[in-house]
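Hello,

The structure I promised is below. My notes follow it.

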Amino acid sequence: MLEVKNLFCERDERVLFSHLSFSINSGEVVQIEGQNGSGKTTLLRILCGLSEAYEGELFWQKKGMPEVLDDYFRKMLYVGHLAGVKSSLTAEENLAWMQQLDPALNKVNIAEALKSVGLYGFEDVPCYTLSAGQQRRVGLARLYLSTAPLWILDEPFTALDKQGVAEKEALLAQHVLKGGSVILTTHHDLNVPGHKVRHINLDEVAHS
Amino acid sequence: MNFFIAAVRRELILALRRRSDIVNPLAFFLMVAVMFPLAVSPEPKFLAQVAPGVIWVAALLACLLSADGIFRSDFDDGSLEQILVSPQPLVLVVLAKVLSHWIISGFCLALMSPLLAMMLFLPSEGLGALILSLLLGTPTLSLLGAIGAGLTVGLRKGGILISLLILPLYIPVLIFGAGTVQAGAMGLPIAGYLALLGALLVLSMMLAPFAIAAALKISVRG
């Protein structure tokens, strides 16, 4: 699906990674590892087109990235550090807006997605009244809606409780089983039932 | 088109939930009209003479005051990133944001301006010119302000920088806007001034959305 060739990134005159090449096939879970500040988020932002501070090439379905960016944005779901949840809107309004932005978020309806993330009964209260974990769940409800084959998730489990994490892991397994793929960073010991997680350690590739 | 309407609706709902965003520029606008006669002179003849300029400067600063926040909250909570990685064209989102910013700032200021005109003894012949010039001029202010807001949204303290960047661009609008009201108040034809304000609006409507979109990309990707 996604192929990375000879990626080089430097920040404040410090090389984060160089000669980084890998590819992600359908049905794979790839976990990006590294210490704090090793460039995990930077790498994910490069992969999803939010950063151009790099040298090297990206290919989507074997085609060079800038040309197929429109198609890529349709087939890719990104959940960043910041959940993209507006605190003065309700959970339902937030998801409705996300659906407007990305019409591919149409697998189930919003009420069902909110039920799946355990926010049944909270759909019509403004998000600032929700706890941090619940706000995170509103952002992650997108995963239940998404039909995109590639998911890029930056620390998706922050602030989630144990059960919430287990549910998301099961969801990832389901997504991968259907031929989707996932790239994510997390400090949590990832356990996707029935699948082997591939690890890419940025500390090791930094100076190679 | 549906997407554009949904985007405008979202912005207006957000503004209604945070009333201070609407009230702030209007209160500032009114405050200037209240303070000015106290500080300078309450003489009606003098006030009538300076009213066009004072009202226009106040409107312009009120727009600038609120321009800083156009993209701020979307940047802070990650909504802007989501907009950038979505398949929807960024220019449409930008236009929707500018339109709703205009509705809550420029449009409301234009509606409120007759009150200020009365407080500053603007001759009644100038009233139509005042409202028309504000309706035609303030959308340009919102468009230009959004360029500055887009460029400074990634900075921690963009407040002063945006004024420095944008105020020089506001000057033509100010000159022709205040000129319209002055001409109107003296009973002269204002069509020429309005045409110029309209031309400025068309020009900025054609170019600014692309500049704003590019500025946002720089701010987020930088």
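I131(B) sits in helix α7 (residues 126-152) of chain B. Helices here are DSSP runs of H or I with at least four residues, strands are runs of E with at least two, and both are numbered from the N terminus. I131(B) is partly exposed, with 17 other C-beta atoms within 10 Å. On that scale, 20 or more such atoms means buried, 12 or fewer means exposed, and partly exposed is in between, with C-beta atoms placed from the backbone.

Beyond its neighbours within four places in sequence, I131(B) is in contact with A110(B), S113(B) and P114(B). Contact means that the C-beta atoms of two residues, placed from the backbone, lie within 7 Å. A33(B) is 98 residues from I131(B) in sequence and 16 Å away in space, C-alpha to C-alpha.

A word on provenance. This is a predicted model: local features need pLDDT of at least 70, side-chain atom pairs count only at pLDDT 80 or more, and totals for chains, interfaces and linings use all residues. Residues are numbered from 1 along each chain as its sequence is written, while chains are lettered from A and ligands numbered from 1 in the order in which they are written.

Next, a helix pair in chain B. Helix α8 (residues 159-185) of chain B packs against helix α9 (residues 191-221) of chain B at about 155°, with the axes 9 Å apart. Axes are lines fitted to C-alpha atoms, for helices over the stretch in contact, and angles run from 0 to 180 degrees between N-to-C directions. That makes α8(B) roughly antiparallel to α9(B), a label for angles over 145 degrees. On the α8(B) side, the contact residues include P172(B), F176(B) and A183(B); on the α9(B) side, they include Y193(B), L197(B) and L200(B). By class, this contact has nine nonpolar, three polar and no charged residues. Ala, Val, Leu, Ile, Met, Phe, Trp, Tyr, Cys and Pro count as nonpolar, Asp, Glu, Lys and Arg as charged, and the others, Gly among them, as polar.

Now the interface. The contact takes 19 residues from chain B and 23 residues from chain A. On the chain B side, α1 (2-17), α5 (79-84) and α9 each give two or more residues. That side divides into eight nonpolar, five polar and six charged residues.

Last, chain A. Chain A has seven helices and nine strands. Its C-alpha trace spans about 50 × 35 × 35 Å along the principal axes. Buried residues make up 41% of the 208 residues in chain A.

Best wishes

Key:
Angles under 35 degrees count as roughly parallel, over 145 as roughly antiparallel, 65 to 115 as roughly perpendicular and the rest as oblique.
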